[in-house]
Amino acid sequence: MKITRAISPAKRIFCATILQKSKTFLQLCWEALKDKVWSYVYAAVVSLALGLYETFGSGTHYDDEGKPIPKVDWVEGVAILVAVCIVVLVGAANDYQKERQFAKLNAKKEDRELIVIRNGGEQKLISIYDLLVGDVINLQTGDVVPADCILLQGEVECDESALTGESHTINKVPVDEALQIYESKLPTDEDLGSTTVKFRDPYLISGAKVLSGLGNAVVTAVGTNSIHGRTMMSLNHEAETTPMQVRLDNLAEGISKYGFLAAIVLFVVLFIRFCVEIAPGGSLHDVNSTDKGKRFIDIIITAVTIVVVAIPEGLPLAVTLALAFATTRMAQNGNLVRVLKSCETMGGATAICSDKTGTLTENKMRIVKGFFGLNKSNEPLEFNDTATNQHDPTSLDVLEQITPELKVFLTTNITLNSTAFENSEYDEEKAKLAKQKPVQKSFLASLFKKGPQSNKFEQMGTVDEPYLGNKTDSALLIMAKEKFHTFSSGSLDTIRHNNATDIVQVIPFESSRKWAGVVMKITNGYRVYVKGAAEIVFKNCGYENNVNDELIKLDRTKREDVLSKIDEYANDALRAIALGHRDFVGIDSWPPKELSLENNNKEADATKLIDVSSAASEIHKTFVLDGLVGIQDPLKPGVAEAVLQCKRAGVTVRMVTGDNINTAKSISKECFILTPDDLSNEYACMEGPVFRKLSLEDRNKIVPQLRVLARSSPEDKRILVDTLRKSGEVVAVTGDGTNDAPALKLADVGFSMGIAGTEVAREASDIILMTDDFTDIVQAIKWGRTVATSIKKFIQFQLTVNITACVLTFV
């Protein structure tokens with residue numbers, strides 16, 4: 001009871017809450033009724049009232065042949081009201097179904113339990129929604145940080161790409177250590193992220209992923225006070241009118257003005273005629289008052305009929321059905337339309353602002369370039385696995401040429417000299433299924449057949465990364481899996497278990513030396529495998545193997561070739577990693593005396609194995625270079641062609657990323673966002689800190705020329721989108737991270753990623769790319785323009801009919 005009283009007040013202020021609630025069906029219906037087109041409902045109600053009066057309040061009328069005329073004056077009003085009801089119910093039902101499934105999925109994925117330490121060491125298992133400020137939580141590899149925290153103990157590596165756009169791993173250290181380093185640098189104006197002073201970071205942001213390490217952290221902010229919560233709450237603003245709504249509103253105003261004007265003119269003419277007829281000597285002068293009253297009501301009905309006939313009552317229904325048909329077709333292309341009207345808006349898009357990490361690129365570090373050994377001419381066996389490569393050999397081509405012995409060197413180094421491990425939540429079949437397009441079906445079948453669509457909802461957020469841990473190690477393991485087929489006979493854990501007895505020393509990676517190694521017992525001695533930064537490892541290498549299994553000494557020319565490759569990879573924003581080995585033959589125990597540690601003769605001194613500090617000319621080069629690889633977050637297949645298609649369609653594509661400007665330029669050139677002509681334009685590429693300091697006048701001048709915005713914050717993205725919209729552009733924004741949410745919400749159309757996207761990004765978006773395929777945006781533009789064309793044709797037809805009917809009624 002005492003504990004309950006202690007916690008309850010804190011809960012009211014500092015407890016995590018469910019941040020987003022889905023709209024009810026009635027709320028969605030009410031939103032559909034807010035459109036100006038529904039102002040015609042008033043005319044329909046008046047028409048219906050007068051029609052009912054004619055039906056029940058007047059006598060029977062007869063035609064020239066003496067037959068009673070059917071009383072159907074109420075039909076026009078009822079027809080308009082029925083059309084309104086159908087449109088409202090169809091639109092609201094479509095949105096409600098998507099919102100309900102979407103909210104259900106997010107609730108299922110977000111609600112999880114975790115262990116916290118409270119009340120002086122007591123451990124409790126609680127729901128994430130019951131987390132309080134001051135709770136101490138335990139974080140392990142693979143966890144998602146549930147709230148904003150400060151690390152107290154341990155050391156962890158985090159992936160904050162969903163929050164910042166940076167694809168690099170961030171090292172976190174305990175707050176005491178970080179504070180000590182900070183105080184030693186005082187006084188200073190620098191902060192975390194400074195390139196001048198290297199501070200250590202103890203802050204854990206809600207939503208970040210723990211890649212490796214173990215630690216305890218104290219919760220500092222939850223719910224709406226956390227970074228995640230504040231971002232979610234910033235999405236709570238009313239949606240603005242779409243370009244289609246603006247055009248339909250203008251049409252509605254035009255019809256209202258001219259319809260009422262025509263009705264007033266007709267009423268005045270008929271009323272003057274009626275006054276003449278009831279005047280002395282007129283045809284109706286001697287008619288009784290009741291009949292005169294009926295004639296006056298007939299004049300009002302005739303005038304109102306002009307307004308009613310002018311109403312294109314079929315237009316809202318046609319618009320809704322066209323959008324429903326288009327969204328069904330888009331779903332078969334992998335586009336889940338959450339907001340019906342966004343489909344047509346996309347057809348008028350003139351600008352796309354796209355995030356880089358996870359949208360244009362995979363958000364997974366992969367081997368994209370490199371070489372393994374030498375060919376027959378003793379030249380590097382190079383490969384190119386980039387998405388845009390069409391002519392150069394791929395890694396599969398190169399692997400067919402290298403010797404089995406070199407394959408063993410490479411795969412052993414990759415699998416055993418690694419801290420990454422298998423992801424227990426990864427399901428290869430589910431990951432493949434999530435990237436498949438939905439089965440093509442007819443429109444009617446898609447409306448009435450259930451099942452597959454809901455399955456696509458379940459695939460949102462599917463784990464598609466087979467390994468956890470260091471991103472470089474994971475990239476190498478994926479290459480071993482996909483290219484070398486190393487794990488066809490056994491899992492990674494099995495291979496490591498089988499070789500555990502042969503490993504005599506493990507040298508872990510340290511940022512100070514930038515390499516890692518493992519020492520193994522072999523038949524005639526010991527073998528050291530090393531892997532690390534290319535410039536460090538390579539200057540200790542003096543040999544390479546060729547395809548004839550010959551050991552070739554590296555002369556000056558060959559060394560310069562490798563160094564030029566390392567520079568080329570650096571210029572292309574690739575992380576260059578070298579893999580090598582050295583055999584110690586004829587020794588019975590490890591290590592050799594000259595390499596042993598002074599205080600431990602059973603382990604080798606890492607600084608003696610690989611010389612980090614000396615110049616290359618001063619090092620005795622005893623290692624064999626097995627391979628050099630360039631690691632990058634690669635471009636997704638088809639992105640380059642999709643960007644070109646957008647440009648041909650008159651849509652300008654811009655890259656907006658939190659990554660550094662060199663990486664942004666490299667990727668943007670690869671996918672044709674940045675053309676050779678743009679490279680000479682000083683305003684084509686810009687960094688966020690510079691962009692946000694621009695005056696309004698300068699920003700309006702520069703934005704039309706801007707193609708790449710690097711090191712951008714969420715606020716920079718929002719400012720860019722806002723500037724484009726105010727200049728008259730119809731803007732689509734694509735993104736997958738929490739940092740993209742404000743821009744996604746502000747845009748005319750927001751696209752999020754279904755598999756890799758965060759819950760915040762999906763909540764802020766209008767359309768979800770279920771297979772994370774950027775090329776589906778081209779399909780969205782196509783169907784959006786199809787809808788716009790269909791609506792224009794229907795308006796032409798409807799107005800032709802209605803104007804003709806108005807003229808006939810007037811005459």
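A residue is called partly exposed when its relative accessible area falls between the buried limit of under 20% and the exposed limit of over 50%. Cysteine 275 in this predicted model is such a case, because its relative accessibility is 32%. Cysteine 149, in contrast, counts as buried at 2% relative accessibility. The sulfur of cysteine 149 has that of cysteine 158 as its closest cysteine sulfur, yet the two are 9.6 Å apart and therefore too far from each other for a bond. For the structure, the disulfide count is zero.

The unreviewed UniProt entry places "transmembrane region" features at residues 37-54, 74-94, 258-279 and 299-326. In the model, residues 258-279 are 95% helix and 0% strand, with 31 Å between the C-alpha atoms at the two ends. Helix α8 covers residues 243-278, and within this helix arginine 273 and glutamate 277 are four residues apart, which means that about one helical turn separates them. These two residues form a salt bridge whose closest N and O atoms are 3.4 Å apart. Glutamate 277 is buried at 15% relative accessibility, whereas arginine 273 is exposed at 51%.

Salt bridges are found elsewhere too, and a search of the whole structure gives 23. In one of them, aspartate 473 pairs with lysine 531, with 2.6 Å between the closest N and O atoms. This pair links distant parts of the chain, 58 residues apart: aspartate 473 sits in helix α18 (residues 471-482) and lysine 531 in strand β16 (residues 525-533). Both partners are buried, aspartate 473 at 7% relative accessibility and lysine 531 at 5%.

Another salt bridge joins lysine 717 to aspartate 740, the closest N and O atoms lying 2.4 Å apart. Lysine 717 belongs to helix α28 (residues 714-726) and aspartate 740 to the loop between β24 and α29, so the bridge ties together parts that are 23 residues apart in sequence. Here again lysine 717 is buried, at 4%, and aspartate 740 is buried, at 2%. Shared partners also connect Glu160, Lys172 and Asp201 into one salt-bridge network.

Finally, what of a buried charge without such a partner? Glutamate 670, in helix α24 (residues 661-670), is buried but has no salt bridge, and the nearest side chain of opposite charge, lysine 369, is 7.4 Å away. Leaving aside residues up to four places away in sequence, glutamate 670 touches Thr386, Ala387, Thr388, Gln632, Leu635 and Ala640.

Technical notes: Residues numbered from 1 in each chain as written. Predicted model: local features only at pLDDT ≥ 70, side-chain atom pairs only at ≥ 80, totals over all residues. Heavy atoms only, no water. Buried < 20%, exposed > 50% of the residue type's maximum accessible area, 1.4 Å probe, protein only. Lys, Arg positive; Asp, Glu negative; His and termini not counted. Salt bridge = Lys/Arg side-chain N within 4 Å of Asp/Glu carboxyl O. Contact = heavy atoms within 4.5 Å. UniProt positions renumbered as here; feature names shortened; annotations may be inferred. Disulfide = S-S within 2.5 Å.
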